[in-house]
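Hi,

Here is the structure I promised to pass on. Have a look at it first, and then read my notes below.

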Amino acid sequence: MQLWQPRAVFGTTSVRVGDVEVALDGEVTVTRTGDRVWELDAPEASAAQWRMPCVEVSAYWTPRTGARWVPPIWNAPMTSRLTSGSPVASLVGRDGANVCTVALADVAGRTSITGGVMEETGEFAITVQGRGLRIRLDLSDRHFSAALTEVATWWGEPHTPRQARLPAYSTWYSLHQEVDEAGVEGQAALAKELGCDTIIVDDGWQTADRARGYAHCGDWEPNAAAFPDMAAHVERVHGLGLAYLLWYAIPFIGKGSAAFARFEGKFLRYLELMDAAVLDPRHPDVRAYLVERLARAVEEWKMDGLKIDFVDQFATPGGDPEPTPGADCSDVDEGVLRLMAELDARLPGILVEYRQPYTSAGLWPYGNMIRATDCPLSPQENRQRTVDLRLISGQRAVHSDMIMWHPSEPDEQVAIHLINALFSVPQISVDLRAQRPGQLSVIKFWLGICREFLDTLQLGTLKPDQPEHGYPLVWTYDGHAMVIARYAPLPVEVPATGWAEVLVANAAGDTRVALYGEAAQTVTSVAYDCRGTRVSEARLSLAPGATLVTVPVGGLLRLRRTEEEI
């Protein structure tokens, strides 16, 4: 339990930063880097604390998706390391205003941020801990999303290939381990017709066993009965016009694999529920083996990239074991970092997918597709997880968790699933052969919107409202277009300037949408249902104040202005 301690007990140094007094256990240099934004450099310090009045505070944002309630001081620390989490948190005020956003430059080391209300005083206290501290402290009152976006830029902005931003099809929820050449190629052909440009083949390609679990991971040889000629199969999928990624649970060596005996003694631990051991990446021969196995997919079978799964499993609960003879580093995270760097050197420029929670900025140089962690058939959770990732990932490609639904799902609800992933790269994962015509129309329509407005949706300025309520209204804009999604019956503000087209996606159950105009203007209004069928078109006068329009559930409203009207 981390409690606030008086400066005389806790700190050897005290420094005034804006309106707060920061206590540290080492000397510090403070540099102002923006309007009410500072960097604190304390290379010898291991902890810092400060507090502020908890006034008009509505949420406490962290990378941990979930409730955004304002916690008490005895709240558990939010820990971060290379293989789990990101060292950033934001105290959010009324209307999304930033109260305090804090981030640490050390994105690979073990750090923690603890925030909570002091019951005795009504203040909010923040404690950060690590080995040598460089802290970014943002006390500006702009929208919290802007503060978090600047943190992502502070951490660095690597190149993201365009292919990483295009809609994808995944076999996991749709086929699970029941994958083979014919099945994958059939889904790939249909997925391409609907607007997907990438296929990701998940667990099952490497084993004939269908009992789930990971007993047959580690050798990474194709199941010969299902994939007799992997290279020819990949070539046929490429012929359909799709990029191809293959899944690897990179830490696991299953008890049924030939590699299990080879690396016994170089395991971090054995997982009974997984039927697999976790390899120790501190050993150079372990890293060399994994790089060789994964490189085969790209070099021999001509895959376009890799889905690298379970990186977080390299971290051992309760602390990492001591290295065994032959290890060339003592820290497991250092071994992981070396593994990823060696893989990147062998396979530069390929597509690489990572997944929450191992989306630390320390791994960003070695991956370009960041996916929300598993939340099957939970569109609201998919929305929150993808928006959370977008806020701290900068211009990187953030992917939704695979989108699935029950076969009897109404067309409107299928659209709601897709709209909840609108501000990410959607990954579809249903059996496309079993979909009704209406469901297929929904997929094609909304993937078309994702492609048409890709730059606005993925590279525009993202502003999600009300984090304490799970972002019931999200919008993004790039100076030309503006896309707004409403997930609850809330009014939508239409700015007077800064756009040629506004899209309003309606994932709420209420078809009545109140548009609040900032200035009198006349626009062309076109409404579509969830399948993309045009249901109305009119010239709409937006006066200052509210204008009521009808948008079908799962549908879309497009407002356009001519060049003369812009």
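In helix α4, E181, V184, E185 and A188 meet M230, H233, R236 and V237 of α5, where contact means heavy atoms within 4.5 Å. Sorted by class, the contact of α4 with α5 has 4 nonpolar, 1 polar and 3 charged residues (Ala, Val, Leu, Ile, Met, Phe, Trp, Tyr, Cys and Pro count as nonpolar, Asp, Glu, Lys and Arg as charged, and the others, Gly among them, as polar).

Before you go on: this is a predicted model, where local features need pLDDT of at least 70 and side-chain atom pairs count only at pLDDT 80 or more, while totals for chains, interfaces and linings use all residues. Residues are numbered from 1 along each chain as its sequence is written, and side-chain values use heavy atoms, leaving out hydrogens and water.

Back to the helices (DSSP runs of H or I, at least four residues, numbered from the N terminus). α4 covers residues 181-194 and α5 residues 230-239, and they pack at an angle of about 15° with their axes 10 Å apart (axes are lines fitted to C-alpha atoms over the stretch in contact, and angles run from 0 to 180 degrees between N-to-C directions). So α4 and α5 are roughly parallel, which is the word for angles under 35 degrees.

Now the cysteines. How many disulfides does a search of the whole structure find? It finds 0, counting pairs of cysteine sulfur atoms within 2.5 Å. The closest cysteine sulfur to that of C100 belongs to C54, and at 11 Å it is too far for a bond. C530 is in no disulfide either, with the nearest cysteine sulfur, in C450, 15 Å away.

Cheers

Methods
Helix = DSSP H or I, 4+ residues; strand = E, 2+ residues; numbered from the N terminus. Parallel < 35°, antiparallel > 145°, perpendicular 65-115°, else oblique.
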